[in-house]
Amino acid sequence: RSARSAMRPAWLMSWMLLPLPFGIDRSLIIAMQKLASKVASSWLDSQSIANLATGVVIRTAGEDYLLEEACSGINSLFAALSIAVFWVLHSRYRWIRSVIVCAAVVFWVLVANAVRVWAIVYFDIRLGMDLIEEPKHTLLGLLTFSAAMAFSASTVYLFSFFLPAPHASDDSGKLQSDDESPTSKISLFPRSLLLLGVIVFCGLSFGMFRSRETIAANTIADATLMPSIDLGIAPPQVMNWKLEDSQKDIRDASSNFGLVSFAWRYSNADLPVVISLDGPFDQWHDLGYCYGATGWQLRDSQNVDLATSPSIDSMRCVELNLYRGDDERGLVIFTSIDSTGEIVSPPAVYGSVLRNLVNRIGMNSDRPTMNGTPAKPPIFQIQLLAETGEQMSAEQRSSLDYLYDVVRRKVIAQIREGAQQ
């Protein structure tokens, strides 16, 4: 029994290393991004800085500020919770007090993260200081993280002052009071030094982690793996759709939408759309998560087979019907293809709770192609995005399907041609 009691703290700490199941970690990141942007936006409002928080983007008159995954506060949250778990185990707190300690840490980390987001926007607009640049970004993260831990410790000591409580019993079964606990034999000054040392150590570790380049999930941070695409391959006009412009963009590696993007912008009298080839990714890429991070909500989704005429083979794709607020509607159509130009088969249960479970345990990490052969990374993605303020008509949907399939086949043909050379 004594051996089990001695191993219990290490066993509990080891649970902090495990990722959350069922895609909860991804949902938590998005939720923390949205919460930070919403709170920071309200603070900016109180200082007469015009802004609009949309999902994980804070829009101002001069610039849009996108909260990346690293700015969600997820790293500092788990680092702080690790410190809290260490402290409650070291102090042998009972479970009620342990929950209070962890709750205080979570609260102050969320507040500190909102302060960090607010500071980035405020300092840029009012003082002209770009806190996104390194090393200022890392130093800001270290400062807010240290402040969160300091306020957490202060909250714990304040609670202990007003409501002292006995600790859990020791191995002999004797209930220990605060005066008899192991940590009570350490004076307040060395005890504070111990806590400060733990905070500094975890803060430095957190800063080293933050200083490295953050790469979004599934993204391969190597632009040379993208195929060579001629922007002129897109037809200048398809039905009533007219090509407005085309461009190639290199994004930050932390972008969920891929490092490299070839984009073609079409429009008709009613609706502008963007068709893009994005990547590279290491596996089939879930666009539902990406648009969820920018404030869109998934209404429904389906796997469909599109063909511009009955005489040619249809190609599989995924359609997402999105909404944002009461007056924004969106349609996303996307196809994943491997390095040889073969279409990667999407999950049959896309958009469901079952798909989240299947994706979480890795069964979607090596999706085969439509002909049953293993997909050959890197994986690319051809998508269409259409945003409108009202529900699309059946005629509009049919027209978009046709436009997407025409451009998609042009891009896939060039990828296949390049793979054979």
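## Terms and basis

A residue is called buried when its relative accessible area is under 20%, exposed when that area is over 50%, and partly exposed in between, with a 1.4 Å probe and protein chains only as cover. Helices (H or I, at least four residues) and strands (E, at least two) are DSSP runs, numbered from the N terminus.

This is a predicted model, in which local features need pLDDT of at least 70 and side-chain atom pairs count only at pLDDT 80 or more, while totals for chains, interfaces and linings use all residues. Residues are numbered from 1 along each chain as its sequence is written, and side-chain values use heavy atoms, with hydrogens and water left out.

## The chain as a whole

The chain holds nine helices and eleven strands, and of its 421 residues 44% are buried. Among its contacts (heavy atoms within 4.5 Å) with a separation of 6 or more, 70% join residues 24 or more positions apart.

## Strand 6 and its partners

Strand 6, which covers residues 260–267, is mostly covered, with seven of its eight residues buried. Two strands count as paired if DSSP finds at least two bridges between them; by this criterion strand 6 pairs with strand 5 (residues 241–250) in the antiparallel sense over eight bridges, and Ala263 in strand 6 is the bridge partner of Gln247.

Strand 6 also pairs with strand 7 (residues 272–281), again in the antiparallel sense and over eight bridges, with Tyr266 standing opposite Val273 of strand 7. Strands 6 and 7 form a hairpin, with four residues between them.
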